[in-house]
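Visitor: I have a structure open and would like to learn how to read it. Where do we begin?

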Amino acid sequence: MTNKRPTLSIKPAAAKNAKPAAQRMRASYEVKPVLQPGYRPDLKADSLALCLLGAANAVAQVRAGAALPQALLTAFGVTAAAPQARGAIQDIAYRTMRQLGRSETLLGLMTSKAPEPPMLASLLCCALTLIDTPDGAEPPYEVFTVVDQAVTVASSHPDMAHAKGMVNAVLRRFLREREDLLKTALMQPVAQFNYPQWWIDAAKAAYPGNWQAILAAGNAQPPLTLRVNRRKTTVEAYLRLLADAGMGATQIGPSAVRLDKALGVALIPGFDEGLASVQDAGAQLAAPLLDVQDGMRVLDACAAPGGKTCHLLELAQLELTALDSDPKRLERVGENLERLGLGATLKAFEAQTSVWWDGQQFDRILADVPCTASGIVRRHPDIRWLRRKGDALQLATLSAKILDNLWQMLRPNGKLLFVTCSLWPQESEAQAAAFAVRHNATRLAAPGQLLPTGTAVQDHDGLFYALFQKNAT
């Protein structure tokens, strides 16, 4: 018989000379860095480095699924950025979103694997965006300043300090080999057009004759377009007011004025007094299409942020209900109404339900339904990176439920305007055609699909309009 040595079981706490867990050395495979995306490095408040850090933080959040406006608010807080720095952070982040396909492709050509953590990759994309300006445009900053400040960001942040040499090497390699790297990168459609491949394929299928122009329009810098409040002034008088303030502007619609140079709303003459509101020229077509008259009972479904709500009330004295599922966004409707001196009933409910409805039918209904927002990517360039191929079908299904629900709330001979800011036919024309068949609705004249454009006389996002009248039985 073989004698076995007895085994002795010792609890960690009772082991002789055992060190507390916090003091023990861990094996290398056990070491997992604790990321600190909210870390605030000691960077100068007016430095490009601080702005690159904020933009990289925002871009990393978008790549993780956050919408850019919300990501920027977080980034502003992380960096404690002053107003001027916030403007630069926002500018860099929006530029990067418009050029992300190109920058990520270039980064893949110059690195053997995706840089980690994600904020490091985002920092490199932001820096590449600033030094790789398409179409020969003048870089917004000196290229070597961008390289230096990007390295400064990496050096100052615990999540990226290990890679400061790599940041320097990648950016300087791009400057040395720019021509060859771009030639290789631009062979890939994602880099050439700056959209996901599925989006490019969808545009080709829907618009085989002009898909490239549509994609290019979505990459353009959007204008700042105002809607003149014709209840308080005229377009001619407002243009004179702008000219007296030294601001160039052009009329591009019945009430639409495009400023030659974008600026904050606080600097827009007459804005606080309600003489004008910010609204895309294409979106300004909605309210007039409904042909509202004084005394009508009107519903604006999915109303936030309230541009169309306010426009309707500028056109006539109405009993208007503004409905939106998001209470926070509905607050913005209230703020816009207050600024313009207008009134409406605000209700925070989902438009596919009827629990909020009092049973009285409406004379007019505006249904600006949820969609992929593929027509407004020049204003929201993050959308293309946040959407997935199956989103259009899911949103079209929800929108059909909303339209069917709202139809019962429309009185006979009343009108319903169906609006989306989508380019995809399954969310727009196919939806409208199916709705008309389901309800035997009379389709009236309306623009249909508006493609995004930016010419001297027309400058608007991509929207779809279908107007229906309910037949009296």
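**Rings, strands and a pocket**

Guide: We begin with aromatic rings; the count comes to 7 aromatic pairs. Keep in mind that this is a predicted model.

Visitor: How is the aromatic pair of Y195 and W199 arranged, and what are its distance and angle?

Guide: Two rings pair if their centres lie within 6.5 Å, and planes between the stacked and edge-to-face limits count as tilted. Y195 and W199 are 5.7 Å apart centre to centre, with 35° between the planes, and form a tilted pair.

Visitor: Are Y195 and W199 buried or exposed?

Guide: Buried means under 20% relative accessible area. Both Y195 and W199 are buried.

Visitor: Which residues are linked into a cluster by ring pairs?

Guide: The cluster consists of Y195, W198, W199 and W424. Y195 also has a charge over its ring: the charged end of R384 sits there, 4.3 Å from the ring centre.

Visitor: Over which ring does the charged end of R339 sit?

Guide: That is the ring of F271, and the charged end of R339 lies 3.9 Å from its centre.

Visitor: Now the strands. Which residues of strand 1 are buried on each side?

Guide: Strand 1 covers residues 225-228. T225 and R227 are buried on one side, while L226 and V228 are buried on the other, so that both faces are covered by the rule that buried means under 20% relative accessible area.

Visitor: How many bridges join strand 1 to strand 3, and in which sense do they run?

Guide: Strand 3, residues 256-259, is joined to strand 1 by 3 bridges, and the two run antiparallel. Within this pairing, R227 stands opposite A256.

Visitor: And how does strand 1 pair with strand 4?

Guide: Strand 4 is made of residues 276-278, and its pairing with strand 1 is antiparallel over 3 bridges. Here L226 stands opposite V278.

Visitor: How does one look for empty space?

Guide: Rolling a probe the size of a water molecule over the atoms shows where empty space is left. In this model, the second largest pocket holds about 610 Å³ of space.

Visitor: What lines the second largest pocket?

Guide: Its lining has 23 residues, and Q99, P134, D135, N194 and N219 lie nearest the centre. The elements giving two or more residues to this lining are helix 3 (83-98), helix 7 (164-185), helix 8 (189-193) and helix 10 (211-219). Helix 10 gives the most, with 4 residues.

Visitor: How does the lining of the second largest pocket divide by class?

Guide: The lining has 9 nonpolar, 8 polar and 6 charged residues.

Notes
Residues are numbered from 1 along each chain as its sequence is written. This is a predicted model: local features need pLDDT of at least 70, side-chain atom pairs count only at pLDDT 80 or more; totals for chains, interfaces and linings use all residues. Side-chain values use heavy atoms; hydrogens and water are left out. On a 1 Å grid over the protein atoms alone, a cavity is a set of points where a 1.4 Å probe fits but cannot get out, and a pocket is an open set with protein on both sides within 12 Å along at least five of seven lines; lining residues have an atom within 4 Å of a point. Grid points are joined across faces, edges and corners, and a volume is the space filled by probe spheres set on the points. Ala, Val, Leu, Ile, Met, Phe, Trp, Tyr, Cys and Pro count as nonpolar, Asp, Glu, Lys and Arg as charged, and the others, Gly among them, as polar. Rings of Phe, Tyr and Trp (its six-membered ring) pair if their centres lie within 6.5 Å; planes under 30 degrees apart count as stacked, over 60 as edge-to-face and the rest as tilted. Buried means under 20% relative accessible area, exposed over 50%, partly exposed in between (1.4 Å probe, protein chains only). A charge sits over a ring if NZ of Lys or CZ of Arg is within 6 Å of the ring centre and within 35 degrees of the ring normal. Two strands pair if DSSP finds at least two bridges between them.
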